[in-house]
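Below is a colleague's note on one protein model. Please read the points with the structure open beside them.

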Amino acid sequence: ARIKTILRRVQASGTQEDQRLIKVRGLEVNTANRSVALGGREIRLTAKEFDLLQLFISHRGRVFSREEMLDSVWKNDYAGDARTVDVHIQRLRRKIGSSCIETVYKLGYRLKMA
């Protein structure tokens, strides 16, 4: 009975780990330890870059305006220009590949699915 209980715990923690590991377009995003790998190679992201990527992955296919991204990622911590989002998107594209994040004319950005 004790062994079965231990096995259940190990299996339960394994499923939680699987839920924290998200794979999209060759990217492996681990939300538990906030790490990203592309083709098996770890990519170092800043906190805001990771938050942006996590926002895109958690709402796949959805277009986000700059203001929505500022509200979701920066919250009330930033009182500057909304163009800072463009700079962060540019840096994120450089790190994960320019084809992953799509610009939607006059609307914003989204994670490209295919």
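The points that follow go from the overall fold to the packing and then to single loop residues.

1. Overall layout. This is a predicted model. The protein chain holds four helices and six strands, arranged along the sequence as α-β-β-β-β-α-α-α-β-β. Of the 114 residues in the protein chain, 31% are buried. Among contacts in the protein chain with a separation of 6 or more, 41% join residues 24 or more positions apart.

2. Helix 2 against helix 4. Two packed helices are described by the angle between their axes and the distance between the axes. For helix 2 (residues 47-58) and helix 4 (residues 84-96), the angle is about 80° and the axes are 10 Å apart. Helix 2 is therefore roughly perpendicular to helix 4, since angles of 65 to 115 degrees are placed in that class. On the helix 2 side the contact is made by K48, E49, L52, L53 and F56, and on the helix 4 side by H88, I89, R91, L92, K95 and I96. Sorted by class, this contact has six nonpolar, one polar and four charged residues.

3. In soluble globular proteins, nonpolar side chains tend to be buried together. Here the largest nonpolar core has 26 residues, and L53, F56, M69, I89, I96 and I101 are those with the most contacts inside it. Two or more residues of this core come from each of strand 2 (27-30), helix 2, helix 3 (66-74), helix 4 and strand 6 (108-111). Helix 2 gives the most, with six residues. As for I96, its contacts beyond its neighbours within four places in sequence are L27, L38, I43, L53 and I101.

4. Helix 3. Which residues of helix 3 are buried? They are M69, L70, V73 and W74. These residues lie on the same side of helix 3, because they cover an arc of only 100° around the axis. An α-helix has 3.6 residues a turn, so residues three or four places apart point the same way. The buried residues of helix 3 pack against helix 2, helix 4 and strand 6.

5. L45 sits in the loop between strand 4 (41-43) and helix 2. Not counting residues up to four places away in sequence, L45 touches V36, F50, L53, L92 and K95. L45 and R91 are 46 residues apart in sequence, yet their C-alpha atoms are 9.2 Å apart in space. S65 belongs to the loop between helix 2 and helix 3. S65 has a relative accessible area of 17% and is therefore buried, the cut-off being under 20%. With residues up to four places away left out, S65 touches L107 and G108.

6. Positive phi in loops. Most residues other than glycine have a negative phi. R34 is not a glycine, but its phi is positive, at about 55°. R34 is in the loop between strand 2 and strand 3 (35-38), and a relative accessible area of 40% makes R34 partly exposed. K106, also not a glycine, has a positive phi of about 65°. K106 is in the loop between strand 5 (101-104) and strand 6. Is K106 buried or exposed? With 71% relative accessibility, K106 counts as exposed.

Conventions: Residues are numbered from 1 along each chain as its sequence is written. This is a predicted model: local features need pLDDT of at least 70, side-chain atom pairs count only at pLDDT 80 or more; totals for chains, interfaces and linings use all residues. Side-chain values use heavy atoms; hydrogens and water are left out. Axes are lines fitted to C-alpha atoms, for helices over the stretch in contact, and angles run from 0 to 180 degrees between N-to-C directions. Angles under 35 degrees count as roughly parallel, over 145 as roughly antiparallel, 65 to 115 as roughly perpendicular and the rest as oblique. Contact means heavy atoms within 4.5 Å. Ala, Val, Leu, Ile, Met, Phe, Trp, Tyr, Cys and Pro count as nonpolar, Asp, Glu, Lys and Arg as charged, and the others, Gly among them, as polar. A nonpolar core is a set of buried Ala, Val, Leu, Ile, Met, Phe, Trp, Tyr and Cys residues joined through side-chain atoms within 4.5 Å. Buried means under 20% relative accessible area, exposed over 50%, partly exposed in between (1.4 Å probe, protein chains only). The arc is that of the directions from the helix axis to the C-beta atoms.
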